[in-house]
Number of protein chains: 2
Amino acid sequence: MSSQQVRPLRADAQQNYERLLAVAARAFTREGAGASLKTIAQEAGVGIGTLYRRFPTRETLVEAVYRNEVARLCTAAPALVAESPPVDALRTWMEQFIDFMAAKHGMADALRAVLVSEDERMHTRGLLRDALATLLDAGVADGVIRPGLDPYDLLMGLGGITLIAEGPGQRDLALRLVDLLINGVRL
Amino acid sequence: MSSQQVRPLRADAQQNYERLLAVAARAFTREGAGASLKTIAQEAGVGIGTLYRRFPTRETLVEAVYRNEVARLCTAAPALVAESPPVDALRTWMEQFIDFMAAKHGMADALRAVLVSEDERMHTRGLLRDALATLLDAGVADGVIRPGLDPYDLLMGLGGITLIAEGPGQRDLALRLVDLLINGVRL
DNA sequence: AACTTAACCGGAGTCGGCTCCGGTTGGCAA
DNA sequence: TTGCCAACCGGAGCCGACTCCGGTTAAGTT
């Protein structure tokens, strides 16, 4: 139905795209997700217009930079289920998620965009949802987690925790809130 | 201990302060909490510098504008406890909080600032915490809520829900998350 | 090789946030 | 009344976000 024209990028455009991602990754690591986009564009040797054409918002750029790392976290979910009791696996996964988000200083706004966006190009949200679905299903199968829950709700709950407790000294708070959340989904 | 010098404002400063608040209230209602501060300053007949001296960040201005309304919400907590079972009272209060936040479009950033800020001038956070403490205590007394919970945690949890689900079509999501949260604090 | 054009490029320009500091003044003391 | 100064005022100026469009070019066509 929708126009999924993916016509490969022109060679020069492809290079610019990759250079932007590489430079942005360095910049975000160095100065947090609030780094100046103009500077990133300059360092990548392109105009600011080119950056914005490729990444309409700061959040799309952040998402692109960290897409791989988030994907790795998500694909790790089945292994967790295999080696731990469901509730432990869920808690461990959520803890990793929180630590990941905290490590990328200032990433909260990007997360909000990814989670709230209607835009399905934000493929990352689907991955996260699926990871949580896996963890939930294991718990339901073991009869320790309330059935009928929408993994999307849980993802949003976790997102909320991350948004409110992303600061440096708030890891403990975040973990307490995760406990509350997990308690809420238990049977 | 701390320098609580509250020396009354000079007469002209006082007037400017009040005019800023009044104009900001109108502007926020009209265009959401993202309204141009420069415009607000102009409409209030002061320079942008004056606005910033009084309200160092956009969030402090938003907080000041809505302080009274939040306070009203908080003082309503005891009445809720008196007329409903504790868990219902808690749910009702949280629902009102969410509706209030949703009504003020774009208020989420201000909320985050109020909740996370170290700054105790953000008196509002204390009010919210106390309201939740009242609601929690009632539940603990009735033996339906887990004792030993820090109301601050619950406030942050609610704040997280508000941040992630502040959008227009997300009231249902927010309420489901509140249910999850309440479930987590139940015995 | 020459031509065509869709796709791409880049930066000038506009806008809002925020700072900084030289000029102004309310209110008190003498 | 007069003088003084702490407090206050305001906007010029800087910075970054984001838009817009005239010029450029890769890559397919003949």
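Let's start at the DNA: helix α3(A) gives the most to the surface near DNA strand C, with 5 residues. Helices here are DSSP runs (H or I, at least four residues), numbered from the N terminus, and a residue is near a strand if one of its heavy atoms lies within 4 Å of it. Keep in mind that this is a predicted model, where local features need pLDDT of at least 70, side-chain atom pairs count only at pLDDT 80 or more, and totals for chains, interfaces and linings use all residues. Residues are numbered from 1 along each chain as its sequence is written, chains are lettered from A and ligands numbered from 1 in the order in which they are written, and side-chain values use heavy atoms, with hydrogens and water left out.

**Around DNA strand C**

Both protein chains take part here. α1 and α3 (48-54) of chain A each supply at least two residues of the surface near DNA strand C, and so do α1 (11-31), α2 (37-43) and α3 (48-54) of chain B.

| Residue and atom | Part of DNA strand C | Distance |
|---|---|---|
| R10(A), side-chain N or O | base nitrogen | 3.0 Å |
| N16(A), polar side-chain atom | phosphate oxygen | 2.6 Å |
| G49(A), backbone N or O | base oxygen | 3.3 Å |

**Where the two chains meet**

Next up is the pairing of chain B with chain A. The contact (heavy atoms within 4.5 Å) takes 25 residues from chain B and 25 residues from chain A. About 2,000 Å² is buried between them, and carbon and sulfur atoms give 63% of that; buried area is the accessible area (1.4 Å probe) that two parts lose on being put together, summed over both. In chain B, R112(B), I164(B) and L180(B) lose the most area to chain A, together 32% of what that side buries.

There are 6 salt bridges between the chains, each a side-chain nitrogen of Lys or Arg within 4 Å of a carboxyl oxygen of Asp or Glu. D109(A) and R112(B) meet in a salt bridge at 3.1 Å, N to O. On the chain B side, α7 (108-116), α9 (151-164) and α10 (171-185) give two or more residues each, and the residues there divide into 13 nonpolar, 6 polar and 6 charged.

**Inside chain A**

Chain A has domain 1 (1-55) and domain 2 (59-185), with bounds that come from an automatic or database domain assignment. Their C-alpha centres lie 27 Å apart. The two domains bury about 770 Å² between them, 76% of it on carbon and sulfur atoms. F28(A), A33(A) and F55(A) supply 59% of the area that domain 1 buries against domain 2, more than any other three residues. How many salt bridges cross between these domains? The rule finds 0.

Conventions. Ala, Val, Leu, Ile, Met, Phe, Trp, Tyr, Cys and Pro count as nonpolar, Asp, Glu, Lys and Arg as charged, and the others, Gly among them, as polar. A polar contact is a pair of N or O atoms within 3.5 Å; within protein, one must be able to donate a hydrogen and the other to accept it, and residues adjacent in sequence count only if both atoms are side-chain atoms.
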